[in-house]
Amino acid sequence: MAEHDAESLFILVVDDNPDDLYLIRRDLVALGHRVAGVSTAAEALDHIAEAYPDVLMTDVGLPGMDGIELLKTVRARTGGSWIPSLVFTGSLDEATQMRALEAGADAYLCKPASREMLHAKLGVILRLKAMQRQAEARNRELARYRSLQEEEQRLARFVMERLINREALGDPAVSHWIASAAEFSGDLIAAARTPGNVLHVLLADGAGHGLAASLNVLPVTAPFYRMTERGFGIDAIAREINSKVRALLPVDRFIAATLVAVNFRERYVTVWNGGNPGPLLVRPDGGVRLHFNRHHFPLGVVDDDEFDGTVDAHVVNPHDHLLLFSDGLIELEDAAGQALGVDGLGVALNGLHAGLRLPRLTEIVQDLTGGSPPRDDISIAQIALTDTPQPVPAVSSGELPAAPTASDWRFVLRLGAADLKRLDAVPLVLGAIEQFEGVRPFAGRLFLVLSELFNNALDHGLLRLPSSLKAGVEGMDVFLDERSRRLARLEMGAVEFELSLRQGDGQPPVLHISCADTGPGFDHEEQIRSAGLEPTGEDILKGHGRGIPLLLRVCEEVRYSGVGNRVDVLFRLAERTS
């Protein structure tokens, strides 16, 4: 027999018989262990208070506190920490063995014990200690993993909250609800307004569930907010997000998305939908007026040259609402395995006014899931289409710019037919000039001016669209459809912006904006006469001839030249006093 184990133990032996204590110590040392011996339970407790032994070996028949009571006391004082224990006595009666085991003894042997028996019993304890160390190591690793996971989730939650910008969902026109299949949702809802007060709403559904799916949708937030702030249309935003997703995510991590633009002034909505269920246009009584069912590929599936940015535009009743939702809602099943579906959703909405719809849909989700997390993330957004009068943006108190010290500058942009089909000219121009000193505080009003100039040049100058098309209940639908067809067929023509800044001594700087098109022009003198010198708010909100009155209100001077295909305006970078 090998006299030494691979592991040396520190063993505390308690025995009031000096001869037995000597023999046990001798055999244990011969086996390669370190040994301390005491004769009473009190001495053993004092010793343990200073240093825990690896193993406690005690005789049962000790004076005063016996060995079994010693085990109980040690167990109580160490707070449940495990000190392997071995009990020996001259008696093998079952009652004593039961008391010892109930007190926490790991082994039991009869004195005098042979060295071989001691070796075997301690071998069992060594194996138990090895198992304990492994369990403790696993517990430490699990605790470290949990700590890292909690920190990662805390950081992920913080970053996603910042990127998703939930504060923007405080827009009074948007109400929303999200139910997550896991701690993190792969669905995202975002809302923001353009400088022209057009409301953009995005509902995105990342592939998968949990943190991975949530990370998938992060690439969509920055382009959405940045491009909305600059006034880009949702078709351009969808194209840019598609490019980002293709560049940043694996090929199997696409994003289903619905992008909506609500033009309160013109009273129409524009929808781009890729991979999500189509939005529903809902009447005040809860009935479904229209299902937008044009479907494109989800974002990230096709390359830029294959991307289809075609949008659906529809004139709306301002008392209607638009309902957006992810497929997790309509794929919910009842006990019979029947999915809710779009038809079932329509039935659930029927007869409910706007304020009751989200609560009712929440109840349906709770009923169908039994209160448990759904199998797929569910997101719902309801958008009010109530017309919001658009005031001319003003510079807030304390934002009046100081007199610029930069030099005069000049900027020119000319877009041909191919570029007009795929680029948003106004954000391009505004994004360039607002970098110059003193321009940014007036970006909102400049966006309106540039939009009116560009839309008149493109719609009436190049596409020859008569404003009379907008007349009637469905006039705007007709106008938008015809605009889309004519723009798709446009092969020749151009729109050119020229902007320059002039600064006079002691006077606020003046921005000179010129917009020209290569079209045949129009009778601008009649338009100005019909607008009047003092246009009222009612005139400005009219679809017919609204552009010129708006320009007259916002700009210092509006001057048409030639056959009406060139207009020059003066925009003073200062508050107007009258």
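This briefing covers a strand with its paired neighbours, a helix beside them, and a nonpolar surface patch. The model is predicted. Strand β9 is mostly covered, with 9 of its 9 residues buried, and β9 is joined to β8 by 8 bridges and to β10 by 7 bridges.

**Strand β9 and its partners**
- Burial extends to both faces of β9, with Ile-255, Ala-257, Leu-259, Ala-261 and Asn-263 on one side and Ala-256, Thr-258, Val-260 and Val-262 on the other.
- β8 and β9 run antiparallel, and in this pairing Leu-202 stands opposite Leu-259 of β9.
- β9 and β10 also run antiparallel, and Val-260 stands opposite Val-271 in β10.
- The hairpin formed by β9 and β10 has 4 residues between the strands, and Arg-267 in the turn has a positive phi of about 60 degrees.

**Helix α8**
- Helix α8 comprises 15 residues, 234-248, and its span of 21 Å from first C-alpha to last is close to the 21 Å expected at 1.5 Å a residue.
- The residues Ile-234, Ala-236, Ile-237, Ala-238, Ile-241, Asn-242 and Val-245 of α8 are buried, and what covers the buried residues of this helix includes β8 (199-206), α7 (218-230), β9 (255-263) and β10 (268-274).

**Surface patch**
- Val-124, Leu-128 and Met-131 make a nonpolar surface patch of about 240 Å².
- Leu-128, which lies in helix α5 (residues 115-164), counts as partly exposed because its relative accessibility is 31%, a value that falls between the 20% limit for buried and the 50% limit for exposed.

Technical notes:
Residues numbered from 1 in each chain as written. Predicted model: local features only at pLDDT ≥ 70, side-chain atom pairs only at ≥ 80, totals over all residues. Heavy atoms only, no water. Patch = residues over 30% accessible without salt bridge, like charges linked within 9 Å, V, L, I, M, F, W, Y side chains within 5 Å. Areas by Shrake-Rupley, 256 points an atom, 1.4 Å probe, with all protein chains shown as cover. Salt bridge = Lys/Arg side-chain N within 4 Å of Asp/Glu carboxyl O. Helix = DSSP H or I, 4+ residues; strand = E, 2+ residues; numbered from the N terminus. Buried < 20%, exposed > 50% of the residue type's maximum accessible area, 1.4 Å probe, protein only. Expected span 1.5 Å × (residues − 1). Contact = heavy atoms within 4.5 Å. Pairing = 2+ DSSP bridges.
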